[in-house]
Amino acid sequence: MTGSPDPIQTPPVNRRELLAAAGGLGLVAFAGRLATAGDRAGEYVPPGLERDLPPEAGRLPRASFLTSGPFDLSDPREYALARTKAMINLVGRTAWLAVLTRHTLCPPGRPAVPLANELELFTMWHERTPEGDVQRNIFTRVPLDPRTNRPTYELENPLTGNILRLPDTLFALTLPVRLGGDLHIRDTTEAAQPWFHFGAYLDLVSLAVRGGDGPHQPSLDSSVWRVRHDELMDPERPLVDAHYSQSALVRASLVQWTGYEPDDPTQMLISKSGLKVNAREALPEAVHSWILDKYPERA
């Protein structure tokens, strides 16, 4: 998605692979065609991905790991385990991440304007297959009006007047769990400060800068998982809630549904705020009403 490798290879998944799946830059979600006329409640599956997990998913034993803390964050493997506990868990349970995403147009020399929002649900767990441990990921998104934050499938670009028709976005991904002895951290800015103490909380920070000079620049994304430090380190507390935030700056033309041409200098700021919970009932009411009532099988 960004063209640059992941600065940290953090198990259980390569972050670049997960960002490509989870839309870390908001590109995968709308990278293809728009919904067609009459496709008001249509669905979109990004190219190269499947709508659903394979049939055996959910029927195999859950994968769990030997430790739930405390963690030595200066050790790459221990840091990876701590991050995994924050993002999902280490005991084979399902975790849910609810996210509100905002897309804001940033034209040169003009005030920024909101364009579209999304409500997203990520359902995740670890599973043990004959080929090895994997992480299962189910992603479901519905477009929202950026001013009312209610579902809509038709929006107007306030800068151009163009009408955008947007479908629901559904896809699923299985990724290998990587907890081998070959884990390493390259000498990058992210590796130098992968976490930050914030009072009683611990921020687990990631940064990815899109590589190469060209009209796509500047382009980057940064994400933070925030958890209570005492809960993360407590071996008697295998499940922890977490807050998630992410921001990205990209050229608007890279998000194809906007309709911008590659030579247009308009940029887009994509921001995400989310909550990871350990029970389906703890998800926000909007997720139940606008996603799970329509797609109950995706939780």
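The side chains of Arg 51 and Asp 52 meet in a salt bridge, with N and O 2.9 Å apart; the term covers a side-chain nitrogen of Lys or Arg within 4 Å of a carboxyl oxygen of Asp or Glu. This is a predicted model, where local features need pLDDT of at least 70 and side-chain atom pairs count only at pLDDT 80 or more, while totals for chains, interfaces and linings use all residues. Residues are numbered from 1 along each chain as its sequence is written, and side-chain values use heavy atoms, with hydrogens and water left out.

**The chain overall**

- You're looking at a chain with 5 helices and 12 strands; these are DSSP runs numbered from the N terminus, helices being H or I with at least four residues and strands being E with at least two.
- Of the 299 residues, 52% count as buried, where buried means under 20% relative accessible area, exposed means over 50%, and partly exposed is in between (1.4 Å probe, protein chains only).
- The chain's accessible surface comes to about 13,000 Å², with 54% of that belonging to carbon and sulfur atoms; areas come from the Shrake-Rupley method with a 1.4 Å probe, and for residues only the protein chains shown count as cover.
- Among contacts with a separation of 6 or more, 69% come from residues 24 or more positions apart, a contact being heavy atoms within 4.5 Å.

**The sheet**

- An open sheet of 10 strands runs in the order E1-E7-E4-E3-E2-E12-E11-E10-E9-E8, and its pairing is mixed; two strands pair if DSSP finds at least two bridges between them.
- E1 (43–44) and E8 (195–198) stand at the edges with a single partner strand each, so one side of each has no neighbour in the sheet.
- Helix H2 (residues 76–87) packs on this sheet, touching E2, E3, E8, E9, E10, E11 and E12, and its direction makes about 100 degrees with that of E9. Angles run from 0 to 180 degrees between N-to-C directions, with axes fitted to C-alpha atoms, for helices over the stretch in contact.
- Helix H5 (residues 285–292) lies across E2, E3 and E4, at about 85 degrees to E3.

**Strand E4 and its partners**

- E3 and E4 form a hairpin with 2 residues between them, and 13 bridges join these antiparallel strands.
- Across that pairing, Asn 117 stands opposite Leu 144 in E4.
- E4 also runs antiparallel to E7 (residues 168–176), joined by 8 bridges, and here Asn 137 stands opposite Leu 173 in E7.
- E4 is largely enclosed by the rest of the structure, because 11 of its 13 residues are buried.

**The E9/E10 pair**

- E9 (residues 201–209) and E10 (residues 220–228) are antiparallel, with 9 bridges between them.
- Leu 204 stands opposite Trp 225 in E10.
- Arg 226 and Asp 203 form a salt bridge, their closest N and O atoms being 2.6 Å apart. The pair links distant parts of the chain, with Arg 226 in E10 and Asp 203 in E9, 23 residues apart.
- Arg 226 is partly exposed at 29% relative accessible area, whereas Asp 203 counts as buried at 7%.

**Other salt bridges**

- The structure holds 13 salt bridges.
- Glu 43, Arg 51, Asp 52, Glu 297 and Arg 298 are linked in a network of them. Within it, Arg 51 is partly exposed at 24% relative accessibility, and Asp 52 is partly exposed at 40%.
- Arg 128 bridges to Asp 133, with 2.7 Å between the closest N and O atoms; Arg 128 is partly exposed, at 36% relative accessible area.

**A nonpolar patch**

- Phe 196, Phe 198 and Tyr 201 form a nonpolar surface patch, with about 290 Å² of accessible area together. Patches take residues with over 30% relative accessible area and no salt bridge, joining like charges within 9 Å and nonpolar side chains (Val, Leu, Ile, Met, Phe, Trp, Tyr) within 5 Å.
- Phe 196 lies in E8 and is partly exposed, with a relative accessible area of 39%.

- Most residues other than glycine have a negative phi, and most peptide bonds are trans.
- The peptide bond from Gly 69 to Pro 70 is cis, with omega near -5 degrees, and Pro 70 is found in the loop between E1 and H2.
- Asn 149 isn't a glycine, yet has a positive phi of about 55 degrees. You'll find Asn 149 in the loop between E4 and E5 (154–156), partly exposed at 27% relative accessible area.
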